[in-house]
Amino acid sequence: MTDPRQAGRGRMKLAARCRVATEAPTFGAVVFCVILLNAALMGAETYSGLAAEYQRLLRTAEQCCLALFSLEMLLRIGAFADRPKAFFRDPWNLFDLAVVASAFVPFVRENTTLLRLLRLARVLRTARFLPHLRILLVAVGRSLPGTASFLFVGGLVLYVYAMVGWVCFAESDPGHYGSVGRAMLTLFLLTTLDGLTDAVRAGLQISRLSIVYYASYALLASFVLVNVLIGVVLNSLDEAREIEDAAGRDRKQPGPPPAPAGPDTDVRDRIATARRALDEIEASLPDQDGRPPRRLEASHSGS
């Protein structure tokens, strides 16, 4: 039967060795170069003449990249051998594992289009080695709920102004405000303030009150709503930095040592045994007054 202490020490040694390898700067640089090489190979395959002439070389290079990615994942998994649950708590580990393991799925390997899309996802793994890019991607994900609310409010403002524009300018400018769809498209393009001068001039020829329409829309859509979106993104960036700092501290923490098991290694039993031995020694020694040991006094009093 395998000793649990040896199994725990073996996992700790394996995790320590793999952790030294994965945390080395050379390891990250090599993996980063392999990711860029994989991206360059995908770009070379888009040229039909080059792909036909060097088909075998490109295929061999792709297999080498896949082998290196697989070795990298094995080392990363081995670095968490003493705490496997921590590996699955990191979203980047799950993403890397899914991207690399997908190349070995039978259905995916037979589907050329799906396989190329998954190979393209390997380029996103550069975020692991670029902390600032990783923070930006996390911030984008964290800002999605706020962005959805922003899009809803923006769409509502766009629809209201499109209806007002259709009522006011449909007969005079049917090319831009002939329907609510055309009006929304026109106002959406005006959100960037590109062409706003021409729109204002055309509106002034219809009515002088059009300046109020365009000025209020530009103020609300191009300044207020855009600043709200910037605030949502900045808040998400702060949250992403906190998440990244917490994840970095978790990655640097080593796994806890395995707890001792078995009666021979029970610390409490050893302490209890030592205490009984000390009590026996104290009972056999004479007191400072020269009286006999407590054991002998107990025997004389009993007799």
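I take buried to mean under 20% relative accessible area, exposed over 50%, and partly exposed in between, with a 1.4 Å probe and protein chains only. The model is predicted, so I note that local features need pLDDT of at least 70 and side-chain atom pairs count only at pLDDT 80 or more, while totals for chains, interfaces and linings use all residues. Residues are numbered from 1 along each chain as its sequence is written, and side-chain values use heavy atoms, with hydrogens and water left out.

**Cysteines**

I looked up Cys-18, which counts as buried because its relative accessibility is 8%. Cys-168 is at 44% relative accessibility and therefore counts as partly exposed. I then searched for disulfides (a pair of cysteine sulfur atoms within 2.5 Å). The structure holds 0 of them.

**Cores**

I used nonpolar core for a set of buried Ala, Val, Leu, Ile, Met, Phe, Trp, Tyr and Cys residues joined through side-chain atoms within 4.5 Å. The largest has 19 residues, and Tyr-177, Leu-187, Leu-190, Tyr-213, Tyr-214 and Tyr-217 are those with the most contacts inside it. At least two residues of this core come from each of helix 10 (144–169), helix 12 (180–190), helix 13 (196–206) and helix 14 (210–252). A second, separate core has 18 residues, including Ala-44, Cys-65, Phe-69 and Phe-80.

I listed the contacts of Leu-190 (heavy atoms within 4.5 Å). Leaving aside neighbours within four places in sequence, Leu-190 touches Tyr-177, Gly-195, Leu-196, Ala-199, Tyr-214, Tyr-217 and Ser-222.

**Helix 2**

Helices here are DSSP runs of H or I with at least four residues, numbered from the N terminus. Helix 2 covers residues 25–44, 20 residues in all. I compared its span with the expected one, 1.5 Å times one less than the number of residues. From first C-alpha to last, helix 2 reaches 29 Å, close to the 28 Å expected. Among its buried residues are Phe-27, Val-31, Ile-35, Asn-38 and Ala-44.

**Aromatic pairs**

I paired rings of Phe, Tyr and Trp (its six-membered ring) if their centres lie within 6.5 Å; planes under 30 degrees apart are stacked, over 60 edge-to-face, the rest tilted. The structure holds 8 such pairs. Phe-87 and Phe-88 are edge-to-face because their planes stand at 85 degrees, with ring centres 5.3 Å apart. Phe-87 has a relative accessible area of 3%, so it is buried.

Tyr-213 and Tyr-214 are also edge-to-face, at 5.2 Å centre to centre and 80 degrees between the planes. Tyr-213 is buried at 9% relative accessible area, and Tyr-214 is buried at 4%.
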